[in-house]
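Student: I would like to learn how to read the features of a protein model, step by step. Could we go through one together?

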Amino acid sequence: MSILDFVNSPKDIKQLNTNELNELCDDIRKLLISTVSQTGGHLASNLGVVELTVALHKVFSSPTDQIVFDVGHQCYTHKILTGRKNDFSTLRTEGGISGFTRPVESKHDIFSSGHSSTSISAAVGLARAKQIKGEKGKVIAVIGDGALTGGLAYEALNNSGNDNSNLIVILNDNNMSISQNVGSMAKHLTTIRTSPRYVNLKTKFQRGLAKIPKIGGRISSAFTYVNSKIRKRIYHATFFEDLGFRYYGPVDGHDIEALIDVLKAAKAHNHSVLINVNTVKGKGYNFAEKNPTQFHGIGKFDINTGEPKSSGINFSSSFGDTMCSFAEKDARICCVTAAMAEGTGLCNFAAKYPKRFFDVGIAEQHAVTFSSGLAKNGMVPVFAVYSTFLQRSYDQLIHDVAMQGLKVIFAVDRAGFVGEDGESHQGVFDTSFLNSVIGLTIYAPSYYSDLCAMLYEAVYKNEGAAAIRYPRGSELYKPENYTYAHENFSVFGDIHSKNCIVTYGREFSQCYKAFEALEDTFLIKLNKIKPIDLCILDYLTECESVFFFEEGIRNGGIGESFASLLIENNVKARFHHTAVDNEFIKQASVDSQFKHYKLDSNSIIEEVRNAKGK
């Protein structure tokens, strides 16, 4: 029996000694590696915060003390310790536990999170609410230094104030740090300052000063002022100190005793505290330590070799290859990413054209406005971004690109269903919000060849800003002899049929398989989904029914725009629209999501046949 076998809630670790806690951490790491190798997920970051998470639950009492994990992807140990150990094998599977924090899953998951740099903002709000209501407990934000590249984190720090006595921010520095190396003296003094004896002595001393008649208050204030100046000189932590935090660090994030001491000191403090913790991403698994980027978010892999179980060409790699070929011939081509060079397929571009590659960190808003600056001065910037993260820069897209009339290309990766990442990462909203952007052209490739050709059109044929949205992973079913001839839409079958199926993007594969099985039906594939070519209406005058299938959100999507065109142009055909309707998409395989939302080929066949029978 291992220590982990006896741990089913945070209360179970309260009485464990240091040796037992270290053994518990080893057990957790084994469980993390074995599980993620089967389910995929975020491994390196979770291996790095095992001791920190164990120490948090040793010192604090969740959920009275509220722990907010930034992004939420580093919460696996937290899930194991808060009653989900026996369900951990279902991580990221349909009906199983999420790979991110989800309050609907547990009272210990305080905030639903899948995007970066939000934890401090949420924690400040939670802490303020506790103060207003007079509730007990601390609020702890755990944020990686990579997330500090996002501006929202600084807005929150600026707003935290000096009177947030129940707020603790833990900065997890895992060698992506922007913080200064403060040296051995600072480390030594942190050890002294976090010892219970020092904390108690300092508290009693300050209280004693304050009790001295007449002059006690002034002496206490002077002591605090001098203490602050000395602390800043030693720690070089003026940034956090000036924002009103008491700074502790750096602390070894893999030393349980040191972590417990500093957390106890922060808990006893009557002031907002920031703790700088040093950790190693991938700690305890050699392959992840050597290549933390690959193991940040990984699919199923072989534990013994660290090799992914699936590989090969996909839409992201096809995009990266295309951009390299463009850049070789055109010195204006630049690529921009927001800390996702590998995920968006741009590693080769970065190596070949380093002066024209820009990784701006987790700062999508800046990435868009930065791209508009590049465009203004004659470059052709291509911002490669996941659909779910493009949501964060909607204002910049309208104000700094569209309103300026600038040529910025948006390569929208992971459009549509993304599978096991769950609600926060599904790329089904971009069609709706991009559809409202004035002057923006949107392309929807179905295959790698489409993607390459449409990128060329966006860069060299289209006058203004353009978005090319493409899915995660590989191509689906491709009809024999399929070609894309740069037309705004493509027509398949007899246009005099009574029924017409209309679709775009990856969903075309499902629709084409259905089309092959249906009678009296033809198929239209939209290649450019904004603006919709009005010539398409000429093909629909004889139709009795139009079936629009869309791998995206219904409200404000392309299907609704298409329906409006039919009404406005007096097309009499009955309109049937199948899309995601007013809900967030839960984790499941992509195939399962197609079936659930009736966008798979069999559901399409059934929909058309049922409608014909009415």
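Student: Which elements do the buried residues of α13 pack against?

Tutor: The buried residues of α13 pack against β6, α14 (347-352), β8, β9 and α19 (448-461), where contact means heavy atoms within 4.5 Å. Helices (H or I, at least four residues) and strands (E, at least two) are DSSP runs, numbered from the N terminus. Please keep in mind that this is a predicted model, in which local features need pLDDT of at least 70 and side-chain atom pairs count only at pLDDT 80 or more, while totals for chains, interfaces and linings use all residues. Residues are numbered from 1 along each chain as its sequence is written, and side-chain values use heavy atoms, with hydrogens and water left out.

Student: Which residues in α13 are buried?

Tutor: Buried means under 20% relative accessible area, exposed means over 50%, and partly exposed lies in between (1.4 Å probe, protein chains only). In α13, the buried residues are Phe315, Ser316, Ser318, Phe319, Gly320, Thr322, Met323, Cys324, Phe326 and Ala327. Over the protein chain, buried residues make up 56% of the 614 residues, and the secondary structure comes to 23 helices and 17 strands.

Student: What span should helix α13 have?

Tutor: The expected span of a helix is 1.5 Å times one less than its number of residues. Helix α13 (residues 315-329) has 15 residues and should therefore span 21 Å, which agrees with the 22 Å between its end C-alpha atoms. Helix α15 (residues 364-376), with 13 residues, reaches 18 Å from its first C-alpha to its last, close to the 18 Å expected.

Student: Which residues are buried in α15, and what do they pack against?

Tutor: In α15, Glu364, Ala367, Val368, Ser371, Ser372, Leu374 and Ala375 are buried. They cover an arc of only 160 degrees around the axis, which puts them on the same side of α15; the arc is that of the directions from the helix axis to the C-beta atoms. These buried residues of α15 pack against β6 (333-337), β7 (357-359), β8 (380-386), α16 (387-390), α17 (394-402) and β9 (409-413). Just after α15, Gly378 takes a positive phi of about 95 degrees.

Student: Is Arg84 buried or exposed?

Tutor: Arg84, which is found in helix α4 (residues 76-84), counts as buried because its relative accessibility is 4%. Leaving aside neighbours within four places in sequence, Arg84 is in contact with His78, Lys79, Ile97, Glu105, Ser106, His108 and Asp109. By contrast, Asn278, in strand β5 (residues 273-278), is partly exposed, with a relative accessible area of 28%.

Student: How many cavities of 30 Å³ or more are there?

Tutor: Rolling a probe the size of a water molecule over the atoms shows where empty space is left. On a 1 Å grid over the protein atoms alone, a cavity is a set of points where a 1.4 Å probe fits but cannot get out, and lining residues have an atom within 4 Å of a point. By this rule the count comes to 2 cavities of 30 Å³ or more. The largest cavity has a volume of about 80 Å³, and its lining includes Ala415, Arg469 and Glu551. The second largest cavity, with a volume of about 30 Å³, is lined by Ile67, Val68, Phe69, Thr101, Asp109, Ile110, Phe111 and Ser113. Grid points are joined across faces, edges and corners, and a volume is the space filled by probe spheres set on the points.

How values were computed:
1 Å grid on protein atoms, 1.4 Å probe; cavity = no way out; pocket = protein on both sides within 12 Å on 5 of 7 lines; lining within 4 Å.
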